[in-house]
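Student: Hey, can we go through this one together? I'd like to begin with how its parts meet.

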Amino acid sequence: MLAMNYRGPYRVRTTQKPMPEILHPEDAIIRVTRTCICGSDLHLYHGMVPDTRVGSTFGHEFTGIVEEVGPLVQHLKVGDQVLVPFNIACGRCNFCKQGLFGNCHESNPMATAVGGIFGYSHTAGGFDGGQAEYVRVPYADVGPTVIPADMDPDDAVLLTDVVPTGYQAAEMGGIKQGDTVVIFGAGPIGIMAARCAWFFGPSRVIIIDHIDYRLEFAKNYAKCEAYNFKDMEDPVVFLKKTTDWYGADVCIDCVGCEAEGNTLQTFTGRVMLMQAGAGTALQWAINSVKKGGIVSIVGVYGPPFNLIPIGNVVNKGITIRANQASVKRLLPKLIDHVQSGRLDPKGLITHRVPLEEVADAYRLFSSKLDNCIKAVLIPSSKP
């Protein structure tokens with residue numbers, strides 16, 4: 001089968017790889033119909049995530065058709081069209097029973113924090129991802145969800161990560177009626193977080209980034225305020241000033257380890273790799289939120305540590321909430337939002353690229369060319 005193949009930082013290509021096989025009686029084999037490049041994939045592509053091994057296949061956002069199921073799979077049948085959450089979850093451990101599917105205790109033998117994730121390095125279990133024609137899906141009765149017959153496939157593929165992560169980012173913020181919400185990062189997750197924030201009743205939603213076309217897209221799609229931090233002398237002072245010097249009620253970090261905007265953070269975190277990426281957005285979030293406010297984190301940070309002002313967290317009485325999105329928990333609500341027209345996930349998609357052109361797609365998305373917001377890869381085996 002054809003699959004994306006990682007050859008080292010900034011080097012990916014499509015190659016022929018062996019067809020996946022049923023390795024456990026609860027597995028399924030999915031023929032991929034759509035798969036996305038996520039902003040988180042760029043952290044792998046740029047060499048920022050530990051133990052990303054040459055030969056890996058990325059891709060944790062995909063839909064497909066069930067081709068084969070293991071003998072213990074009961075809820076799926078061959079021919080079902082499914083969306084597959086990026087979390088690999090057993091559904092039985094103490095954490096899954098709490099709805100913490102991103103923290104499954106059984107799916108990732110490589111770590112005790114995060115559960116398994118498709119195509120996201122050996123720190124997340126070493127599973128091959130969905131940027132391929134076929135993929136093996138463990139615990140097939142838990143994650144894969146049959147796509148409603150009336151749902152657009154482009155909406156369905158964004159329900160595997162972008163929509164749940166954006167929604168959970170807003171949910172973790174504990175947004176209340178009349179709040180001011182500030183979101184750092186106008187990539188797909190940040191834009192979706194801004195859109196979903198309105199479900200909770202804030203009076204203002206503000207998004208901060210440094211790419212003008214993404215800010216313009218965010219204003220139109222999420223109906224929020226959008227500002228370029230490169231136009232500010234100090235983003236923290238700007239945000240304090242626009243909130244009567246109190247600070248925002250909620251700040252959401254949708255950037256993670258490759259944030260720009262601070263020379264020291266960039267040098268130590270992205271150039272020298274002395275910390276787990278640049279913590280600029282998280283630092284701004286902590287310093288911009290009000291006393292007693294909430295900081296929600298969905299941006300990706302890896303081990304071992306980051307330079308952040310933890311003293312300000314204590315002295316301001318800030319609550320920090322963070323996690324990988326528990327997609328399975330959120331899907332019923334989000335499917336309803338999409339079917340009712342309250343959310344339009346496919347509106348984020350700006351580019352559709354054949355899987356064979358994966359190297360060009362990564363370059364396009366990484367370099368922010370052609371006003372790219374979200375790129376979807378289409379395998380040639382698509383019906």
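Student: How many residue pairs are in polar contact across the interface of domain 1 and domain 2?

Tutor: The rule finds twelve, with both residues of each pair at pLDDT 80 or more. A polar contact is a pair of N or O atoms within 3.5 Å; within protein, one must be able to donate a hydrogen and the other to accept it, and residues adjacent in sequence count only if both atoms are side-chain atoms. Keep in mind that this is a predicted model, where local features need pLDDT of at least 70 and side-chain atom pairs count only at pLDDT 80 or more, while totals for chains, interfaces and linings use all residues. Residues are numbered from 1 along each chain as its sequence is written, and side-chain values use heavy atoms, with hydrogens and water left out.

Student: Which elements give two or more residues to domain 1's side?

Tutor: Those are α1 (39-45) and α11 (327-339). The largest share comes from α11, with six residues. Helices (H or I, at least four residues) and strands (E, at least two) are DSSP runs, numbered from the N terminus.

Student: Where are the two domains in the chain?

Tutor: Domain 1 covers 2-161 + 326-378, and domain 2 covers 163-322. The bounds come from an automatic or database domain assignment. Their centres, taken over C-alpha atoms, are 25 Å apart.

Student: And how many residues are in contact?

Tutor: 31 residues of domain 1 are in contact with 27 residues of domain 2, where contact means heavy atoms within 4.5 Å. The buried area between the domains is about 2,500 Å², and carbon and sulfur atoms give 68% of that. Buried area here is the accessible area (1.4 Å probe) that two parts lose on being put together, summed over both. In domain 1, M48, L348 and I373 lose the most area to domain 2, and together they make up 24% of what that side buries.

Student: How many salt bridges are there between the domains?

Tutor: The count is one. A salt bridge is a side-chain nitrogen of Lys or Arg within 4 Å of a carboxyl oxygen of Asp or Glu. For R329 and E171, the side chains meet in a salt bridge at 2.9 Å, N to O.

Student: New topic: which residues touch the most other members of the largest nonpolar core?

Tutor: L159, I183, I207 and Y362 do, in a core of 76 residues. A nonpolar core is a set of buried Ala, Val, Leu, Ile, Met, Phe, Trp, Tyr and Cys residues joined through side-chain atoms within 4.5 Å. Helix α5 (residues 188-197) gives the most to this core, seven residues.

Student: What does I207 touch?

Tutor: Not counting residues up to four places away in sequence, its contacts include I183, I191, L215 and Y227.

Student: Is Q339 buried, exposed or partly exposed, and why?

Tutor: Q339 counts as partly exposed because its relative accessibility is 43%. Buried means under 20% relative accessible area, exposed over 50%, and partly exposed in between (1.4 Å probe, protein chains only). Q339 is in helix α11, and a polar contact of 2.9 Å joins its side chain to that of D150. Q339 and M151 are 188 residues apart in sequence, but 7.1 Å apart in space, C-alpha to C-alpha.

Student: Which residues of helix α12 are buried?

Tutor: In α12 (residues 358-366), they are V358, A361, Y362, L364, F365 and S366. What they pack against includes β1 (2-8), β2 (11-16) and α1.

Student: And how many residues of helix α9 are buried?

Tutor: Eight of its nine, so to speak: α9 (residues 280-288) is mostly covered. The elements covering those buried residues include α7 (235-241) and α8 (263-271).

Student: Last one: which way does phi go at Y139, positive or negative?

Tutor: Positive, about 50°, although Y139 is not a glycine. Most residues other than glycine have a negative phi. Y139 is in the loop between β8 (134-137) and β9 (145-146), and it counts as buried at 18% relative accessibility. D370 also has a positive phi, near 55°, but D370 is exposed, with a relative accessible area of 58%.
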